[in-house]
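Work through the exercises below with the model open beside you. Try each task before you read its solution.

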Amino acid sequence: MAAAPHGPTGPGPRQLRQAAIHAAARPDGVPGGFAGQLVVFCEELRGEGLAVGTSELLDATVALDAVAWSRREDVRETLAATLAKSPDARRVFDLVFDRFFFRAAEAEAVRRSSTDGEVAAKLADELAGDAQGDGEAHEAGEQQGGDPLDLDAVREAIARAIAEGASGRMADLAALAIGSVGGAVTDTGVVGVDVQRIRRALELRTDPDPQAPEDDPRREGLPREGIREFEQHLRHELERRRIERLGELPPARPLNQLDRALPTSAGQSLAEIHRVVRQLKRRLNTQGQELRGHRRRTQVDLRATMRASLQTGGVPVVVKERAVRPRRPEIFVLCDVSTSVTSASLFFLSVLHALHDAFRKMRSFVFVERISEVTELFEREREFEKVSQAIGRDAGVADVTGYTDYGRVWREFLEQTEDDLHPRSTVIVLGDARTNGRDPAEAAFAAIAERAGRTFWLNPEPALYWDYGDSVISRYAGHCEVHECWTADQLEGFVAALTGSGPAPEPPRPHRPGR
Amino acid sequence: MSSAPASVEALAAGLRQVGYLPGSRTALVSHLAVQLGKPVLVEGPAGVGKTELAKALATLLDRELVRLQCYEGLDEAKALYEWNYRKQLLRIQAQSAGEGTAGWDAVQDDVFGEEFLLERPLLRAIASEKPVVLLIDEIDKTDQEFEAMLLELLSDFQITIPELGRVEATTQPVVLLTSNNARELTEALKRRCLYLWLDYPELDRELEIVRERVPGLSATIARRLVEVVAEIRALDLKKPPSIAESIDWARALLLLGADDLDQEVFRDTLSVLVKHRTDLDLVAERVGLRLPARAGSGD
């Protein structure tokens with residue numbers, strides 16, 4: 001990387017970063033040498049939603065000083081240890097790392113106006129290549145060197161490499177595959193499309209192929225991850241060729257949602273919801289402090305009294321009392337998991353999951369026709385995916401018809417929580433208030449709302465649809481605060497309303513069709 | 001400071017010598033921790049050697065291991081320091097019995113001296129003359145309030161005691177925090193730490209670990225054992241077997257004198273490996289039945 005001194009008249013750091021990320025190779029590269037590159041790298045991580053602060057950046061710089069730069073894996077792990085602080089972050093980090101250094105290598109190659117693919121390939125390998133030893137890769141490459149255009153042989157070699165998970169060999173074979181399939185597949189210019197075409201031409205499938213020869217891995221079907229990895233190599237190789245042909249870098253795009261998402265697919269929004277709920281907890285804890293000031297039963301703190309008495313020669317003049325511990329808010333959550341809210345229930349369950357992370361005194365229920373308490377399940381299971389599976393499988397929801405019966409739900413809820421509901425508790429209902437024509441039983445709901453201190457209803461439907469069809473949200477709206485809530489942003493709005501100062505605001509009137 | 005290994009390789013070799021087989025990532029982050037004096041947050045499933053790593057580092061660096069086991073409700077008095085008020089009272093009584101009213105000022109200064117301070121792990125780690133390895137185990141079990149209290153310690157290696165003033169570390173401790181990921185830790189804490197995710201090891205490394213810990217077990221059976229364990233982990237279990245459990249299983253097999261893994265041995269010893277009722281059934285069905293029926297009756 002070219003090291004250009006920081007000039008006072010140069011563009012601002014922000015522009016420099018932007019330019020470095022998005023522009024095609026600038027003739028002078030990024031100023032600041034490696035440190036500059038690191039800043040750009042962190043900026044890209046931030047762009048993908050990682051919280052990388054200046055302190056992390058400094059840590060990374062200092063840490064890089066303590067390892068040998070000659071080993072790329074060390075550099076990668078060092079950066080990961082200082083910049084990516086959760087498994088999710090690590091996943092994103094790996095993707096960004098590969099992309100960044102691939103682009104950096106390509107940009108360098110373009111900058112040196114070297115259209116020689118090998119130089120670029122070599123640079124990219126130097127900077128970012130694969131974890132697995134390259135010795136193996138070279139050997140494999142030579143082995144395959146025999147007859148590169150025999151498509152069947154290539155197919156088999158690729159299938160074998162994928163089955164064995166040899167990523168070094170896969171990278172080499174990807175280049176070979178593009179060469180040998182190249183004639184059959186025309187270059188569309190869209191990398192994703194090309195990858196799929198080549199994959200199809202190579203007949204890489206996960207399902208078993210009984211016609212394959214005895215010892216061929218395709219007989220058993222190829223592992224999905226292996227194919228995905230090979231596609232990644234194909235993608236890199238195609239991008240490299242394209243850059244080579246055009247002589248410039250294509251503009252960088254943010255990571256594909258599909259690439260970065262968790263296997264549960266609720267990944268990113270999950271983190272977002274956790275953040276909002278944490279905020280909710282903080283606010284609930286600090287709010288209402290003034291109400292707690294009343295000293296009810298206080299106890300004498302013997303030890304503190306003794307200590308105070310030291311100042312008066314052992315005579316306990318000042319009696320110290322134990323501080324009254326602020327009570328933590330108690331929360332009851334009722335979550336609809338019926339079919340009418342299928343799309344929203346993932347969101348709801350993640351809200352519930354996040355709430356459980358933040359509050360210890362909390363009971364949660366899921367309901368369809370009847371309710372079932374899932375507090376224990378959430379306490380036991382940490383992983384969101386497992387929780388949602390368990391709820392789907394055996395939460396004991398008596399789901400005979402799949403239709404919500406709110407009347408029954410309210411009665412059962414009252415029964416189960418009768419002793420615990422008191423004016424300090426908060427009840428939150430997550431549901432669409434679609435009764436399927438059954439009795440909404442507002443009286444029972446009113447009884448709950450009366451016992452509890454505050455009652456909230458989060459409706460996952462846009463307010464426009466409220467009260468259309470079998471939605472009876474307005475019948476309940478008189479007894480609680482209703483909020484439209486189906487994105488993390490709206491959840492944040494709810495948090496603000498929940499913890500807003502002053503008396504509870506007038507509940508937003510649902511939009512009524514002309515009746 | 002006793003000689004800290006100068007390179008990642010040296011540290012990895014050292015850890016091997018004291019009986020801990022580190023992955024490359026583990027060795028690298030440990031190296032960074034020792035060199036930079038930054039705390040390390042080690043996360044991962046239970047039983048992959050998070051606590052062992054701290055012990056091994058302590059042995060390797062020839063330092064004392066100070067361990068703070070966290071649990072719900074852990075407070076400052078148990079983690080940091082506490083005044084030994086019984087002793088303080090005794091001191092006062094002894095003083096007043098001996099000299100009457102004289103020397104009150106002396107007593108007052110006296111009872112808040114270091115003599116009356118009960119050191120808890122964190123203070124001990126800070127105040128120690130020789131550098132130590134501080135292990136804060138299962139930090140995810142504590143409240144967020146406790147985490148906040150740790151921040152001063154982790155970033156500046158100092159503790160403030162109102163009566164005494166600030167206690168600063170004279171030597172740099174190596175700090176490891178472990179978490180089973182039972183709850184999300186705060187950003188503030190994470191920011192102060194290096195991050196290390198320990199996962200189940202690859203087949204070969206686990207084999208190496210089992211061979212290292214249970215040297216008596218024959219090579220073939222050890223190989224079979226780690227293969228079976230890997231297979232079990234691939235199932236969707238409540239609690240997949242950890243390395244610790246593989247080692248236990250290896251020991252059990254050695255004790256029973258098993259010379260191969262057949263269905264009978266597997267059934268008898270399965271409870272060493274899998275500890276949930278539903279998991280037991282699943283494993284017996286999915287893995288157990290694939291093993292040879294009887295040792296020696298052919299594969």
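Buried means under 20% relative accessible area, exposed means over 50%, and partly exposed lies in between (1.4 Å probe, protein chains only). This is a predicted model: local features need pLDDT of at least 70, side-chain atom pairs count only at pLDDT 80 or more, and totals for chains, interfaces and linings use all residues. Residues are numbered from 1 along each chain as its sequence is written, chains are lettered from A and ligands numbered from 1 in the order in which they are written, and side-chain values use heavy atoms, with hydrogens and water left out.

**Exercise 1. Find the salt bridge of A:Arg90 and state whether A:Arg90 is buried or exposed.**

Step 1. Recall the term: a salt bridge is a side-chain nitrogen of Lys or Arg within 4 Å of a carboxyl oxygen of Asp or Glu.
Step 2. The partner of A:Arg90 is A:Glu77, with the closest N and O atoms 3.2 Å apart.
Step 3. A:Arg90 is in helix H5 of chain A and A:Glu77 in helix H4 of chain A, 13 residues apart. Helices (H or I, at least four residues) and strands (E, at least two) are DSSP runs, numbered from the N terminus.
Step 4. Check the accessibility. A:Arg90 has a relative accessible area of 13%, so A:Arg90 is buried. A:Glu77 is buried as well, at 8%.

**Exercise 2. Which parts does the pair A:Arg76 and A:Asp94 tie together?**

Step 1. The side chains of A:Arg76 and A:Asp94 form a salt bridge, 3.5 Å from N to O.
Step 2. A:Arg76 sits in helix H4 (residues 72-83) and A:Asp94 in helix H5 (residues 87-111) of chain A, so the pair joins parts 18 residues apart in sequence.
Step 3. Compare each value with the cut-offs. A:Arg76 is buried at 10%. A:Asp94 is partly exposed at 22%.
Step 4. Widen the view. A:Arg76, A:Glu77, A:Arg90, A:Asp94, A:Asp98 and B:Arg25 are linked in a network of salt bridges. Over all chains, the search finds 25 salt bridges.

**Exercise 3. In what order do the 5 strands of the open sheet in chain B run?**

Step 1. Two strands pair if DSSP finds at least two bridges between them.
Step 2. The order is E2-E5-E8-E1-E9, and the pairing is parallel.
Step 3. Strand E2 (64-69) and strand E9 (194-197) are the edges, each pairing on one side only.
Step 4. Take one pairing. Strand E1 (residues 40-43) of chain B is joined to E9(B) by 4 bridges. B:Val42 has B:Leu196 in E9(B) as its bridge partner.

**Exercise 4. How confident is the predictor in chain B and in the complex?**

Step 1. pLDDT is the predictor's confidence in each residue, from 0 to 100.
Step 2. Chain B averages 84, and 93% of the residues score at least 70.
Step 3. For the complex, the predictor gives an ipTM of 0.82 and a pTM of 0.60.
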